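Student: I have a structure open and have never looked at it before. Can you walk me through it?

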Amino acid sequence: MRLIEKAKGFLFDLDGVFIQSGKPLPGAIDALASLRALNIPFRFLTNTTTQSRKTLQSTLKSIGLNCDEEEIFSAGFSGVQAIKAMGYPTCSYYITDDLKKDYLIFEEDIEKPEVIIVGDYEDWNFKKLNQAFQYVMSGSRILALHMGKYYRVDSGLRIDAGAFVAALEFATNKKAKIVGKPNKEFFNSALNDMGFGPKEVVMFGDDLINDISGAQELDIPGILVKTGKYHEGMLESSSIIPNGFLESIAELPKIISNGEQL
Ligand SMILES: [Mg+2]
């Protein structure tokens, strides 16, 4: 595929493209090995916020996906940058304990936080959602690490963090600041880090809104990978048209080794 062959670097979604339920998807390890062999720069752009960047890097390494911490752009990490840019407001968290390690530099306030941070969090109940609602009604801003609707694990689909943010937005009539995909700043920070323009890279993902449309908003071509949450009805019910398709990431080595990089 010409688009992929002529790209100088790649942006990859992680979950549903390289991994699923914490395991590498078929061909993922080989795909990463070919990228290294051909010296093709890449960044993982992931909305996964269950782990700190450091933990995520060692988790990936333990399943055979060797990458540097600096090659991982996670929504959790992006949230840290956003709170710094806001001038270090006081925070209350709806995120995992592991991700919280990245946020220890900020002051936690469970009485009247200036910002509430919502990411992947499995401890929601009525009391907690109502507490978050009350914070926002009392003036807290909502920082959403991402707005994912759902994702796929081996046992099926799972509701994602965006649904809880949407509930808070609906009840309070306030809008969250979103830092993960499809936020333009998120894509831009990866481009800047690589030193490439939007037309010099290609984004691969299994999410039409976060990955494909998010990339296309910045003129980055978006390739839909037909693994993870992909299903046929996905395209029919959307106006988003990917620039290309891969059956799975296992197809990547063949395409790039036939390209101009060799
Ligand atoms: Mg995905």
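Student: Before that, what kind of model is it, and how are residues numbered?

Tutor: This is a predicted model: local features need pLDDT of at least 70, side-chain atom pairs count only at pLDDT 80 or more, and totals for chains, interfaces and linings use all residues. Residues are numbered from 1 along each chain as its sequence is written.

Student: OK. How many helices and strands does the protein have?

Tutor: There are 11 helices and 14 strands. Both are DSSP runs numbered from the N terminus: helices are H or I with at least four residues, strands are E with at least two.

Student: What box do the C-alpha atoms fill?

Tutor: Roughly 60 × 40 × 35 Å, along the principal axes. The radius of gyration is 18 Å, which agrees with the value near 18 Å that a compact globule of 262 residues would have. That radius is taken over C-alpha atoms, and the globule rule is 2.2 Å times the number of residues to the power 0.38.

Student: And how much counts as buried?

Tutor: 43% of the 262 residues. Buried is 20 or more other C-beta atoms within 10 Å of the residue's own, exposed is 12 or fewer, and partly exposed is in between, with C-beta atoms placed from the backbone.

Student: Sheets next. What is the strand order in the sheet of six?

Tutor: The order is β5-β4-β1-β12-β13-β14, in an open sheet with parallel pairing. Two strands pair if DSSP finds at least two bridges between them.

Student: Which strands are at the edges there?

Tutor: β5 (72-74) and β14 (244-246), each pairing on one side only. Neighbouring strands of this sheet are turned by 25 degrees against each other on average, direction ignored.

Student: Which helix lies across β1, β12 and β13?

Tutor: Helix α9 (residues 208-216), which runs at about 160 degrees to β13. Axes are lines fitted to C-alpha atoms, for helices over the stretch in contact, and angles run from 0 to 180 degrees between N-to-C directions. Residues are in contact if their C-beta atoms, placed from the backbone, lie within 7 Å.

Student: What about the sheet of four strands?

Tutor: That open sheet has the order β6-β7-β8-β11, again with parallel pairing. Its edge strands are β6 (91-94) and β11 (177-178). β6 and β7 (residues 115-118) pair over four bridges, and the partner of Ser92 in β7 is Ile116. Helix α4 (residues 75-85) packs on this sheet, touching β6, β7, β8 (141-144) and β11.

Student: Switching topic: which domains are assigned?

Tutor: Domain 1 is 2-47 + 181-257 and domain 2 is 85-178; the bounds come from an automatic or database domain assignment. Their centres, taken over C-alpha atoms, are separated by 27 Å. The contact takes 10 residues from domain 1 and nine residues from domain 2.

Student: Last one. Where is Asp109, and why does it count as partly exposed?

Tutor: Asp109 is in the loop between α5 (97-100) and β7. Asp109 counts as partly exposed because it has 15 C-beta neighbours inside 10 Å. Leaving aside neighbours within four places in sequence, Asp109 is in contact with Thr90, Cys91 and Ser92.

How values were computed. Two residues are in contact if their C-beta atoms, placed from the backbone, lie within 7 Å.
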